Structures are given as structure tokens and as C-alpha cells.
Amino acid sequence: MKELEERIRQEGTVKVGNVLKVDAFLNHQCDVALFDAMGAAWAEHFAGKQITKILTIEASGIGIACMASRHFGNVPVVFAKKAQSINLDGDQYVTTVYSFTKQREFPVIVSRKYLGPEDHVLLIDDFLANGKALRGLIDICDHAGATVEGIGIAVEKGFQGGGDKLREEGYDVESLAIVEAMDPETGEITFR
Ligand SMILES: O=P(O)(O)OC[C@H]1O[C@H](OP(=O)(O)OP(=O)(O)O)[C@H](O)[C@@H]1O
Ligand SMILES: O=c1[nH]c(=O)c2nc[nH]c2[nH]1
């Protein structure tokens with residue numbers, strides 16, 4: 001998606017440790033018009049699939065997933081929580097994921113009330129790097145007996161390999177910008 005690549009070029013900064021900082025528009029301050037255009041792009045790619053639910057993971061996936069839902073008939077958006085809470089009741093699907101930016105493991109929790117074998121799920125997230133967050137969401141869908149129809153990602157860091165492994169396994173992964181290389185010294189970003 002040219003618009004997203006342009007924004008990454010203009011406003012993204014490359015940090016050491018394979019971190020691309022795009023918090024001016026994607027995962028701290030949110031550009032709602034851009035999120036809307038991203039939702040439209042995923043709707044075009046996944047047209048013909050009967051999505052009943054969008055599943056994401058807190059925190060950064062939530063805003064994007066909610067805007068995307070507007071392009072998929074306003075299907076419910078469920079976000080996996082990364083902490084137990086007294087507000088979470090009843091039976092849950094639970095797994096763990098390692099967070100790339102926080103560098104520690106988190107539980108990933110979804111209430112059984114909100115995901116089941118009848119669901120055809122679109123997974124949405126802001127970033128795909130090593131694929132740990134998506135593995136957690138896929139694990140939860142497997143436990144629920146839900147079908148993963150596709151995966152919509154804003155920014156994939158292709159050089160970290162998580163996306164290509166998922167594609168090899170047959171998942172339909174639609175990343176709107178795929179960064180093939182980035183240099184923290186020069187700030188240069190190369191797209192696939
Ligand atoms: O493919 P991976 O290696 O798993 O990396 C991608 C994940 O990392 C970030 O989550 P993070 O844990 O940093 O949390 P955030 O949503 O709160 O930013 C991002 O939002 C993805 O969920
Ligand atoms: O803001 C972010 N930048 C990144 O490079 C990244 N990788 C995973 N998750 C990420 N979030």
C-alpha cells in the first residue's frame with residue numbers, strides 16, 4: 001500500500017535492535033484516516049471470505065482492528081488480553097507470547113464466550129516480526145475450533161521471517177507494507 005509506505009518513509013525512524021518506530025501515526029498517535037484506508041485495502045484482499053469476527057491482541061492492534069471492522073460489515077472485534085483481571089470471568093483460552101518490544105512473556109487470554117467453532121476469523125495486528133503474537137492468536141483459534149480465514153498486518157518486517165513461515169504453512173497473510181531491510185545508521189528503509 002503506497003500510502004503506508006510513504007508515511008513510513010517520511011515519519012518512520014529506524015532504531016537499533018530491528019525496531020522501526022512509527023508511533024507518530026500507527027501505534028501511539030493514531031491516524032484514523034490511514035487506518036480506514038488500511039481497512040479498505042484488507043477488505044479488497046479478503047473479499048469473498050465470510051468473516052464473522054476480527055481477532056487482535058492488545059494494545060496496538062485494537063484501533064486498527066476496529067477501523068477494519070467497518071469494512072467487514074461491522075463484525076465484532078475481540079482483542080486478546082495480556083494480563084489476568086478481575087474483569088475477566090468464566091472459562092478462558094490462555095496461551096503465552098513473547099513480546100518483541102517489551103522483551104518478556106505475557107499471557108494471552110480470550111474469554112470462551114467470544115470465540116467458538118462457528119467463527120471464521122480475520123487476525124489483524126499492527127506489526128509482524130518474528131510472528132510470536134500471531135502464533136499466540138492462532139493457538140487460541142485452534143483451541144476454540146475457530147477457522148483462521150486470513151491475517152491482515154499493517155507493517156511486516158520481512159527480514160525477521162515470521163510472515164514467510166506463516167505463508168509457507170498456507171496462511172493468507174496480507175501485509176500492507178513489507179520492510180525488507182532497514183539501516184539504523186543511515187535510516188534507509190527498503191520495501192519488498
Ligand atoms: O511478530 P512478533 O515478533 O510477535 O511482533 C509483533 C508484535 O509485537 C508488537 O506487540 P507488543 O508486544 O510490542 O505490544 P503492543 O501491542 O502493546 O505494542 C506488535 O503489536 C505485535 O503484536
Ligand atoms: O513499533 C514497533 N516497531 C517494531 O519494529 C516492532 N516489531 C514488533 N512490534 C513492533 N512495534
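These exercises walk through the fold, the sheet and the ligand shells of a predicted model.

Residues are numbered from 1 along each chain as its sequence is written, while chains are lettered from A and ligands numbered from 1 in written order. Because the model is predicted, local features need pLDDT of at least 70 and side-chain atom pairs count only at pLDDT 80 or more, whereas totals for chains, interfaces and linings use all residues.

**Exercise 1. Describe the chain as a whole.**

Task: State how many helices and strands the chain has, and why it counts as compact.

Solution. 
- Start with the elements. The chain has 5 helices and 10 strands. Helices (H or I, at least four residues) and strands (E, at least two) are DSSP runs, numbered from the N terminus.
- Then take the radius of gyration. It is 16 Å, close to the 16 Å of the globule rule for 192 residues, so the chain is as compact as a globular protein of that length. The radius is taken over C-alpha atoms, and the rule is 2.2 Å times the number of residues to the power 0.38.
- The C-alpha trace covers about 50 × 35 × 35 Å along its principal axes.
- Finish with burial. Of the 192 residues, 37% count as buried (20 or more other C-beta atoms within 10 Å of the residue's own, with C-beta atoms placed from the backbone).

**Exercise 2. Follow the partners of S9.**

Task: Which strands do bridges join to S9, and in which direction do they run?

Solution. 
- Take S8 (residues 147-157). It is parallel to S9 (residues 173-182), with 6 bridges. Here Ile151 stands opposite Val173 in S9.
- Take S10 (residues 189-191). It is antiparallel to S9, with 3 bridges. Met182 faces Ile189 in S10, and Val179 stands opposite Phe191.
- Look at the link. S9 and S10 form a hairpin with 6 residues between them, and Gly187 in the turn has a positive phi of about 80°.

**Exercise 3. Read the ligand shells.**

Task: Which elements give the most residues to the shells around ligand 1 and ligand 2?

Solution. 
- Begin with ligand 1. It is surrounded by 19 residues, the closest being Ser60, Ser99, Thr101, Ala129 and Ala133. A residue is near a molecule if its C-beta atom, placed from the backbone, lies within 6 Å of it.
- Name the top contributor. S7 gives the largest share, 4 residues.
- Move to ligand 2. Its shell is Val19, Leu20, Lys21, Asn27, Phe100, Thr101, Phe127 and Ala129. Strand S2 (residues 19-21) gives the most, with 3 residues.

Terms used. Buried ≥ 20, exposed ≤ 12 C-beta atoms within 10 Å, placed from the backbone. Pairing = 2+ DSSP bridges.
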